[in-house]
Structures are given as C-alpha cells and as structure tokens.
Amino acid sequence: MRFKRLTPASLFLNGLVVVCTLILTFPLVWIVMMSLKQQAEVMTLPPRFVFTPTFENFRVLFDAAQAGATSYGTIKVDFLTPVANSVVISLGAVLVSLIAGVPAGYVLARRDIPRKEDIAFFILGFRFAPALLVVIPLFSVFQTVGLYDTYLGMIWVYQVVTLPMIIWLSRSYIEDIPKDIEEAAAMDGAKPFRVVWHIVLPLLKPGLIGASLLIFLLAWHNFALGLILSSTKAPVTVALLKLLNPGVQFYPVMAAGLVVTMIVPIVLIILGQRHLERGLTFGAREMSPRPLMFFGTTNLDLCFNVERLPTPGESLMGSLKQNAGGKGANQAVAAARLGLRPSFYTRLGDDDAGRSLLQALREAGVRLDAIEVCPGEISGSALVLVGDDGSNMIVIDPGANANVTPSMVEKAAEFIERDAIVVAEMGMPVPALNHLFALKSVKEFDLIFNPAPVRAGLSPAAWRSVDFVTPNQTEAFELTGVEVHDFDGAAHAAGKLLDLGPKAALITLGAQGAYYADASATFALRAFPVKVVDTTAAGDAFNGAFAASLAHRLPIREAIKKALAVAALCVTRRGAQRSMPSSWAVDEFLNSQSILELE
C-alpha cells in the first residue's frame with residue numbers, strides 16, 4: 001500500500017483541524033467528567049483525569065422528594081420543573097415566530113415596499129443586540145401588566161432571539177422559489193392566499209422544519225432573558241445557576257444538570273440532522289431544481305378545428321387558428337409552466353413565424369440563449385386537424401428544424417449545465433441526435449429520449465446512453481414490432497425497448513395511462529379520466545412534465561403521476577403550448593383526483 005506524502009501545507013491544515021476540534025470538544029468533555037466526580041475531586045488541583053465515576057449527582061437531580069442527600073451536603077433541587085419550563089417556552093417561541101415571521105418574510109421577499117432593505121436589516125439587528133437593551137425596559141412593564149414570571153411573557157420576550165432568524169431565513173427561502181410558479185398559478189385564477197397556502201408553504205416545508213429546529217436550540221440555551229424576567233417559570237439554564245451560592249457550590253450536580261439539558265439538543269440534532277441540513281442549505285440544493293435543457297423542433301401550428309377528421313378526397317368546413325407548437329418547444333413550455341426556467345435548443349427561420357414563435361417561448365419563461373435564428377431559412381410549420389372528439393391528424397414541414405447538424409449541437413451543448421437533465425425528441429436529424437447522445441459521457445447529464453416521430457439510424461451506442469425512453473403506443477410498436485393495446489402489451493414492448501440499451505422505458509397509452517419498466521421495477525399507472533377536447537400536445541405535456549418533475553427531484557413514480565396529471569389537463573384545452581397547465585392547476589387537480597396503481 002502506498003501512502004500519499006503530506007506537504008507542509010497539508011500538515012498545517014490537518015493540525016489546525018485537530019486544534020479546533022480539541023478547543024470545541026474540551027468544554028463538553030470537562031462537563032461530563034465533572035458530572036461523574038465527587039465535590040472534593042472537582043476542586044482538586046491539578047485536575048484528576050483518572051477517577052472512580054459516580055452517578056450520585058444524577059440521582060440528586062431526579063430525586064422524587066426533590067431533596068438529595070449527598071456525601072458533601074443536602075441539596076434541594078427542583079430540576080424537572082425548569083426543564084418543563086424550557087420546553088414550553090422554547091416551543092411557544094418557535095410557534096409564535098413561525099406564525100408572525102413567515103408572513104413577514106414573504107412580504108420582504110415578494111412585495112415592493114419603501115426602504116425594504118433598511119427594515120430587513122433593522123429586524124436582523126435585534127438578533128445581535130445586547131439582551132439588556134430589551135430586558136431593562138421590559139422588566140418594569142412586565143411587572144406592571146402582570147407578565148413577569150409568566151409563560152406568555154417569556155415567550156414574548158424570546159421573540160428577540162427567534163423572530164429575526166425566522167424572518168430572515170424564510171425571506172431567503174421564498175426568494176429561492178421561482179416567482180414564475182406563483183405567477184402561473186395567478187394566471188390560472190388562484191387567489192393570493194391560495195397561492196401562498198397551496199404552493200409557497202409546501203415548497204417552504206423542508207426549510208421551515210430546519211429553521212424551527214435551529215431557533216428551538218437558540219431558545220433552549222438562552223440564559224440572560226430568563227435570568228431577569230422569570231422566577232418560578234425560569235428555564236433550566238437559569239435554575240441550574242441556583243446550585244452556585246456563597247455557601248456551597250454544588251459543581252458536580254450542576255454539571256449533571258447541564259449534561260441532561262444537553263441531551264435534548266443532541267437528540268434533536270441527531271434526529272433532525274437531515275432537516276437541519278436541508279433548512280440551512282435550502283436554496284443551495286433542495287430548492288434549486290436540477291438544470292433542464294430541451295433539444296427539439298419548433299413549429300407554427302395551423303390548427304383546423306373540424307367536426308370530424310376527413311376521409312381521403314373529402315372536404316370539410318372548419319375554423320382556423322394559429323398556435324405556437326413543435327414537440328421540443330411544447331415540452332420546454334410545459335416544464336416552464338411548472339415553475340422551471342429550462343434552456344432550449346432549436347432552429348428558427350428569420351421570418352414572421354420565427355419571431356412569433358420566439359416571443360411565445362420568451363413569454364412562457366423558456367431561456368432563449370441557445371436558440372438559433374437563421375437568415376434565409378423558413379421556420380417549421382405544421383397543419384393540424386382536430387376533431388370534436390379530440391382526435392387529430394398532423395402534417396409537418398420541418399423548415400429550419402431539418403438543418404440541424406452535429407456541429408450545431410456541439411455548440412448548443414455549451415449551455416448544458418452540470419448535473420442537468422437533457423430531453424431530446426426525434427424531430428431533429430438523426431446524425432445530430434447521435435452526436436448529442438455521444439456528449440453525455442463528457443457533459444454528464446441524464447438523458448430523456450422521446451422517439452417521435454420514429455426514424456431509423458440511431459446508433460446502438462446512442463441507445464445505450466439513454467436513461468429514459470418515452471414512446472407512445474404507436475412509437476413503441478414501430479420500435480419493437482409489439483402491438484401495445486393494454487398494459488400487458490406495454491410490458492412486452494418495454495422489455496424489447498430495454499434490450500435496445502436504455503436504462504428505463506416509459507410507454508404512454510393515452511387514456512389508459514403509462515407503463516414503466518427498468519432493471520429492478522415495473523409498474524403501471526392509470527390515466528386520470530377527463531373530458532377530451534384536443535390531444536395534439538398530450539405527449540409533449542407528459543414528457544415536459546416528467547422531465548420537470550425529475551428536475552424538481554421527485555421520485556420516478558411521483559414524477560409519472562404528475563406527468564399524467566399535466567397531460568390530462570392539457571387535453572381539456574385546445575392548442576399546444578397554450579394548453580399547458582400551471583403548477584398550481586396541476587396541484588389542485590391532483591388534490592381532487594385519485595390514481596390506481598397496478599403493481
């Protein structure tokens with residue numbers, strides 16, 4: 001075994017870590033040792049590190065008669081009552097701070113009010129102000145109004161410790177939540193209270209749990225406020241001080257009390273370590289979704305709404321509307337409507353259609369940095385016929401979409417961020433897709449491949465780079481030769497798809513639902529029953545929502561559930577991008593629905 005040689009700098013840094021560790025752990029070790037010693041041993045100089053431990057000091061704390069006879073005197077100790085006082089005061093302070101502080105944090109994060117930053121720093125200043133600045137004026141006031149030595153008075157004054165922290169932490173958490181989520185919900189008709197209650201608070205939950213644990217610990221250890229403003233309602237930190245008096249100093253018993261009081265925060269830290277970490281790094285990791293980038297086509301959809309789809313040679317009357325569309329664009333917009341800011345690569349012509357499509361993407365919240373606008377080329381377009389039963393027929397002129405080359409993909413890949421999820425659909429030329437998939441090992445992204453429309457030529461290596469392949473029934477048949485009419489057929493087709501190389505297969509079956517399979521799990525989820533108006537963008541809604549849900553770090557099963565909900569809402573509206581629902585609408589829909597899982 002070869003050992004790495006340490007440089008002088010490494011030795012210095014390692015030594016510094018050891019010194020800091022010793023400095024931080026010394027008081028804890030000293031208190032524990034003191035709690036296990038007799039009074040005479042505590043006062044010995046130099047201190048004894050080898051001794052016979054005793055639990056007599058702990059017995060005195062919990063003596064039922066609250067009168068403990070020790071080898072160095074009789075002590076009357078009332079320990080459990082101060083512990084209960086600390087629990088009531090600390091929990092009450094946390095509850096009041098959450099009720100008052102979270103709304104204040106929301107106002108500071110979202111509302112434009114005069115001198116907002118000055119107000120915020122003034123509030124934070126109370127956290128670092130001397131305790132006497134608050135205690136002295138409140139002492140006489142509390143005695144006058146009857147709040148001295150009461151739980152209510154103590155909880156009130158503890159807000160000096162807890163409330164500024166909650167306001168500042170909740171403000172930073174809320175600022176890390178994309179404002180687009182709230183705006184999208186408002187566009188769907190949600191009132192401000194419902195937006196906060198159903199969207200903001202659920203997203204804040206992990207951060208608020210961590211923040212609550214943090215301020216509970218701050219309140220639990222506070223000493224100065226309870227020392228002056230309480231007597232019988234004194235917290236345990238103050239009560240232990242009574243063991244030190246001019247007559248006898250019962251250091252070992254006080255040390256035992258400190259050890260017991262340390263158990264509460266230690267247990268909370270151990271049990272709530274995950275929540276504390278999530279709360280203190282809320283915006284840095286958990287609330288920050290994974291980067292998301294789509295590669296695909298953008299078209300101007302010429303949509304004819306007709307009573308029924310025509311037969312060959314038949315002419316029908318219908319109404320025409322122009323909508324922004326294209327599989328890649330639809331998927332990116334679906335993700336943006338769910339609160340993300342996805343990047344998107346596509347090619348547009350330098351024409352009126354291209355400018356209109358670019359504006360639609362901008363308004364939806366899609367990042368446009370990677371999009372190419374190509375002089376001399378026309379933008380893609382699609383003729384879409386939609387029957388009253390929601391069925392459709394589509395003919396596409398790819399326009400500039402057909403001219404994507406591997407070198408263009410190489411350039412666009414510069415916008416793929418670290419730990420990103422990349423979604424690609426087969427409307428792009430196959431050589432460009434092969435090159436994009438080959439970049440996966442270099443850029444280290446997760447890859448979702450929507451093989452629509454199915455075309456030949458994707459290399460075996462490209463298939464092996466796919467993490468999720470997401471065909472519909474027709475595309476699954478074209479890829480595998482297995483007809484997919486139900487979940488049994490989907491299971492057979494999924495096995496064939498996995499043989500091509502992807503790590504997982506996710507087949508959509510329209511009104512039936514979706515089937516998922518990977519090397520370790522298979523399951524089917526039924527679709528939500530809705531009144532179908534237009535199925536044009538259902539698959540794109542599903543794929544965009546599935547990718548967005550994974551970017552929001554949802555488990556795969558939950559991501560598929562949400563994608564089914566988004567697709568269900570999409571087909572109840574006409575159009576492609578304009579039919580994509582907001583995060584609030586999806587959550588409201590899921591709250592009112594149930595889903596059947598078939599294992």
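Reader: How do the residues of the lining of the largest pocket divide into nonpolar, polar and charged?

Author: This is a predicted model, so keep that in mind throughout. When you read a pocket, sort its lining by class, then look at where the residues come from. Here the lining divides into 23 nonpolar, 19 polar and 7 charged residues.

Reader: What volume does the largest pocket have, and which residues lie nearest its centre?

Author: The largest pocket holds about 1400 Å³ of space. Its lining has 49 residues, and Lys-327, Asn-472, Thr-535, Thr-536 and Gly-539 are the ones nearest the centre.

Reader: Which elements give two or more residues to the lining of the largest pocket?

Author: Helices and strands both do: E4, H16, strand E9 (380–386), strand E10 (392–397), helix H22 (473–480), H24 and helix H25 (556–570). H24 gives the most, with 5 residues.

Reader: What lines the largest cavity?

Author: Find Cys-303, Asn-305, Lys-321, Asn-323, Val-386, Asp-534, Arg-574, Gly-575 and Arg-578 in the structure. Strand E4 (299–306) and strand E5 (318–325) are the elements that give two or more residues to that lining. By class, the lining has 2 nonpolar, 3 polar and 4 charged residues.

Reader: Let's go back to H16 and H24. At what angle do they pack?

Author: For a helix pair, take the angle and the axis distance together. Helix H16 (residues 327–337) packs on helix H24 (residues 538–551) at an angle of about 45 degrees, and their axes are 7 Å apart. Because of that angle, H16 counts as oblique to H24. The crossing of H16 past H24 is right-handed.

Reader: Which residues of H16 and H24 meet?

Author: From H16 come Lys-327, Asn-330, Gln-331, Ala-334 and Ala-335; from H24 come Asp-540, Ala-541, Asn-543, Gly-544, Ala-545 and Ala-548. By class, this contact has 5 nonpolar, 4 polar and 2 charged residues. Lys-327 also turned up among the residues nearest the centre of the largest pocket.

Reader: How far apart are the axes of H4 and H10?

Author: The axes of helix H4 (residues 80–110) and helix H10 (residues 192–220) are 9 Å apart, and the packing angle is about 145 degrees. H4 and H10 make a right-handed crossing. On the H4 side, the contact includes Val-83, Leu-91, Leu-98 and Tyr-106, while the H10 side includes Val-196, Leu-204, Phe-216 and Trp-220. By class, the contact of H4 with H10 has 16 nonpolar, 4 polar and no charged residues.

Reader: H10 has another partner, H8. Why is H8 called roughly antiparallel to H10?

Author: Check the angle again. The axes of helix H8 (residues 159–176) and H10 come within 10 Å and cross at roughly 155 degrees. Therefore H8 is roughly antiparallel to H10. H8 passes H10 in a right-handed crossing.

Reader: Which residues of H8 and H10 meet?

Author: Among them are Val-161, Met-165, Leu-169 and Tyr-173 in H8, and Val-200, Gly-207, Ala-211 and Leu-218 in H10. This contact has 14 nonpolar, 3 polar and no charged residues.

Reader: And the backbone? Where is the cis peptide bond?

Author: Look at omega for the peptide bond. A cis peptide bond joins Ala-452 and Pro-453, with omega at about -10 degrees. Pro-453 sits in the loop between strand E12 (446–450) and helix H21 (460–464).

Reader: What about phi of Arg-115, positive or negative?

Author: Phi of Arg-115 is near 55 degrees, a positive value in a residue other than glycine. To find Arg-115, go to the loop between H4 and helix H5 (116–128).

Technical notes:
Residues numbered from 1 in each chain as written. Predicted model: local features only at pLDDT ≥ 70, side-chain atom pairs only at ≥ 80, totals over all residues. Heavy atoms only, no water. Axes fitted to C-alpha atoms, helices over the stretch in contact; angles between N-to-C directions. Helix = DSSP H or I, 4+ residues; strand = E, 2+ residues; numbered from the N terminus. Parallel < 35°, antiparallel > 145°, perpendicular 65-115°, else oblique. Left-handed = near helix turned anticlockwise from the far one by under 90°. Contact = heavy atoms within 4.5 Å. Nonpolar A, V, L, I, M, F, W, Y, C, P; charged D, E, K, R; others polar. 1 Å grid on protein atoms, 1.4 Å probe; cavity = no way out; pocket = protein on both sides within 12 Å on 5 of 7 lines; lining within 4 Å. Points joined across faces, edges and corners; volume = space filled by probe spheres on them.
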